[in-house]
Amino acid sequence: METDPNLQTKPSNSEVVIIGAGPAGLTAAYELLKTGINSTVVEKDGVVGGLARTVNYKGYHFDIGGHRFFTKVKVVDDMWHEVLGEDFLTRKRLSRIYYNNKFFNYPFNLSNALFGLGIWNSTMIVLSYIWAQMFPEKPEKSFDQWVTNRFGKHLYNLFFKTYTEKVWGMPCNEISAEWAAQRIKGLSLLKAIKNTLLKEQSKNKETVVKTLIDSFQYPKFGPGMMWEKVTDTLNKEGSNVLLDSDVEKICIQNNKVETIEICSKGQIKLIPGKHFISSMPIRELIQKFDPPAPKEVLEAATNLKYRDFLTVSLVIDKPDVFPDNWIYIHDPNVQVGRIQNFKNWSQDMVPLEQKTCLGLEYFCFEGDGLWSMDDRDLIELGKIELGKTGLVSTSLVEDGTVVRMPKAYPVYDSTYLESLNVIRDFLSQIDNLQLVGRNGMHKYNNQDHSMLTAMLAVKNILGANYDLWKVNAEQEYHEEISREEEQEFKDLSSTQPLVPESINQSIVDQAIIRAFSRLDKSAFATAIGVVSGLAVFLATIFLIIKGGEVIGPNLRLLGQYFIGYTVSIEGAFIGFGYSFFWGFIFGWLFAYLRNFFTGLYILRIKRKSEYSSFKDFIDYI
Amino acid sequence: MTNRSDEEKLLEAVALLNAKMLGLILGISFGLMIFIVTIWLVIKGPQLSPSGQYVVGPHLQLLSQFFIGYSVSYIGSIIGFIYGFAVGTISGGLIGWIYNGIVLLRQKY
């Protein structure tokens with residue numbers, strides 16, 4: 001492992017305490033180790049990897065949720081390759097949607113969807129799409145309005161409503177439109193125009209999107225393998241990963257975390273530190289503060305909600321069941337949301353060639369009916385629902401197990417942002433505590449975003465000043481980062497000030513807005529009219545002043561069009577009036593046509609961008 | 001929501017013209033236009049007029065009523081370019097100035 005030679009002000013060993021051994025926590029520890037600093041990682045569970053763990057049941061490996069390794073962040077990609085080496089496989093992606101006893105291609109193919117749904121549904125899709133474009137719902141506050149305005153009500157009802165509600169456990173009209181806007185970043189009109197104009201960039205972007213859709217990388221034995229390897233390295237190099245260690249108290253003094261109190265195998269231990277990085281759920285973090293956080297902060301923490309998740313893994317006595325990596329189950333007649341075929345992620349996930357292992361994913365809330373069901377009942381439910389889909393005969397299911405994953409997704413409901421802001425305000429007063437990861441920031445960060453927050457947190461400990469909340473909030477953040485590893489961090493520092501909202505708009509954006517903004521038709525028409533009128537007026541006056549035997553015999557010909565015009569003082573005014581009129585008409589028409597064709601061009605780019613987002617929309621839910 | 005406000009900004013923005021640039025563009029365009037049509041007629045050579053005389057560009061020659069010193073000749077093409085450039089620049093600048101003035105006035109009220 002290489003160490004960072006540029007390190008100047010580094011804390012000494014074990015002065016950094018990291019809460020949580022998921023991708024964010026372990027990345028932080030690994031990055032610190034690279035700079036020669038050992039840290040202490042505290043993990044509540046008995047396994048590492050957090051949401052990206054791999055469960056091993058009788059040699060069958062299960063991934064909790066299906067973690068595709070794909071990122072635009074070069075430093076993250078580099079770390080994956082560095083740790084996994086030869087064990088990092090490139091996999092082809094195949095996934096379909098199951099709805100109404102039929103399978104639909106995914107990413108969406110419009111013709112496949114229209115043919116598969118029949119004439120009535122296809123007609124309704126087209127009509128409701130046109131309707132949505134003509135009469136979009138305003139203001140756009142909820143997820144259902146956001147999707148309907150873009151894809152039409154009928155398509156939304158058929159393909160997005162059921163699945164979204166299965167995943168999030170709440171009606172789509174209660175999900176904030178902001179969530180969709182944050183997740184579906186490809187729809188930025190300015191970005192789309194920029195990509196279209198800057199051909200080279202556009203080509204790269206298409207390659208990236210294509211790559212995400214067509215293939216991904218995956219560790220031989222699931223994502224947990226990555227984090228087990230990182231843990232081995234940390235332990236070998238002198239860092240300390242404490243498993244089964246629950247944080248009991250976070251002791252604050254003088255606006256600083258002094259120590260954390262943990263309970264490890266029944267014993268209470270105090271871990272002091274100079275710097276603390278937390279990836280534990282914010283709600284729990286706030287509740288562990290000693291002295292307790294102010295009442296309004298505790299209330300805000302209680303308002304943060306999570307969606308939980310369980311996987312029923314079934315061992316099937318058949319070598320091949322279906323070719324997909326996973327299938328989205330949109331059918332409202334079954335509760336299962338997604339079915340993973342782990343063997344198609346990596347052959348090594350299944351110990352025996354003649355067997356297959358499927359993961360039926362159920363989205364639920366901790367303590368609700370599904371969550372509280374007995375494992376045997378859940379396995380039985382899984383078998384029945386698998387049979388209902390017609391994918392596998394229930395008689396082929398020979399074994400099964402259940403894995404419950406609490407707090408899998410932070411919920412973006414109508415109050416979360418307000419609560420989060422209260423908490424952020426409070427935590428900003430604590431100098432040596434940084435929040436990273438998905439639950440650590442109550443932000444729908446994917447694995448790569450979580451890792452990036454950890455990397456930046458480490459840079460902050462070493463003296464940098466990055467705003468971790470900008471990660472996964474601003475597209476440019478990631479694209480900048482993917483260019484030049486170290487330099488980009490420095491560039492970002494200057495472009496990402498520590499303010500809640502960036503007010504600086506890039507020069508390119510400003511230029512695009514200026515170039516594509518509409519002409520004021522009346523103003524342009526008036527300007528052309530005045531100049532045309534003046535031209536004729538001055539030409540007439542000039543010839544009068546010049547004099548001669550016959551004044552302006554040629555200009556007089558204008559009188560054939562401008563009835564009443566002569567080369568005289570009176571004629572100059574009449575000529576001005578006529579020229580102004582025709583100039584005005586010409587100017588107005590020019591501005592109108594210019595605005596019309598510019599609008600058409602923007603609309604075309606927008607539709608292209610929306611269709612591209614529509615194709616893999618489910619990935620973002 | 002940044003994306004949304006960007007989109008709104010784009011769709012609501014009214015263009016302002018760069019009057020100097022518009023003047024320069026129109027000036028060069030007018031100047032070149034007169035230069036080229038003059039040169040073209042000179043290269044084409046004299047044509048028989050209804051009065052039975054051979055003349056070069058009798059109609060374009062009328063420009064000399066406004067552009068003193070202009071003629072349909074090689075030197076005239078240069079003089080025509082200068083006149084055309086001047087008229088185009090003034091016209092373009094004036095169009096931009098009037099347009100911007102009206103737009104800003106409308107935005108103000």
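**Exercise 1. Determine how many helices and strands chain B has, and in what order its elements run.**

Solution. Helices (H or I, at least four residues) and strands (E, at least two) are taken as DSSP runs, numbered from the N terminus. On this basis chain B has three helices and two strands. Read from the N terminus on, the elements follow the order α-α-β-β-α.

The model is a predicted one, in which local features need pLDDT of at least 70, side-chain atom pairs count only at pLDDT 80 or more, and totals for chains, interfaces and linings use all residues. Residues are numbered from 1 along each chain as its sequence is written, while chains are lettered from A and ligands numbered from 1 in the order in which they are written.

**Exercise 2. State what percentage of the residues in chain B is buried, and what percentage of those in chain A.**

Solution. A residue is buried if 20 or more other C-beta atoms lie within 10 Å of its own, exposed if 12 or fewer, and partly exposed in between, with C-beta atoms placed from the backbone. Of the 109 residues in chain B, 31% are buried. In chain A, which has 621 residues, 44% count as buried.

The next step concerns contacts, that is, pairs of residues whose C-beta atoms, placed from the backbone, lie within 7 Å. In chain B, 65% of the contacts between residues at least 6 apart in sequence join residues at least 24 apart. In chain A, residues 24 or more positions apart account for 71% of the contacts with a separation of 6 or more.

**Exercise 3. Identify the residues with the most contacts inside the largest nonpolar core.**

Solution. A nonpolar core is a set of buried Ala, Val, Leu, Ile, Met, Phe, Trp, Tyr and Cys residues joined through C-beta atoms within 7 Å. The largest has 129 residues, and A:Ala28, A:Ala29, A:Val436 and A:Ala457 have the most contacts inside it. At least three residues of this core come from each of domain 1 (16-55 + 66-87 + 218-303 + 414-491) and domain 2 (306-410) of chain A, the bounds being those of an automatic or database domain assignment. Apart from this core lies another, of 30 residues, including B:Phe30, B:Leu63, B:Phe81 and B:Ile95.

**Exercise 4. Name the edge strands of the seven-stranded open sheet in chain A.**

Solution. The order of this sheet is S7-S6-S16-S17-S18-S15-S19, and its pairing is mixed. Strand S7 (102-106) and strand S19 (397-410) are the edge strands, each pairing on one side only. Strand S17 (residues 338-341) and strand S18 (residues 356-364) pair in the antiparallel sense over four bridges; here A:Ile339 stands opposite A:Leu360.

**Exercise 5. Explain why A:Asp375 is classed as partly exposed.**

Solution. A:Asp375 belongs to helix H14 (residues 375-389) of chain A. The residue is partly exposed because 14 other C-beta atoms lie within 10 Å. A:Val312, 63 residues apart from A:Asp375 in sequence, is 8.5 Å apart from A:Asp375 in space, C-alpha to C-alpha.

Conventions: Contact = placed C-beta atoms within 7 Å. Pairing = 2+ DSSP bridges.
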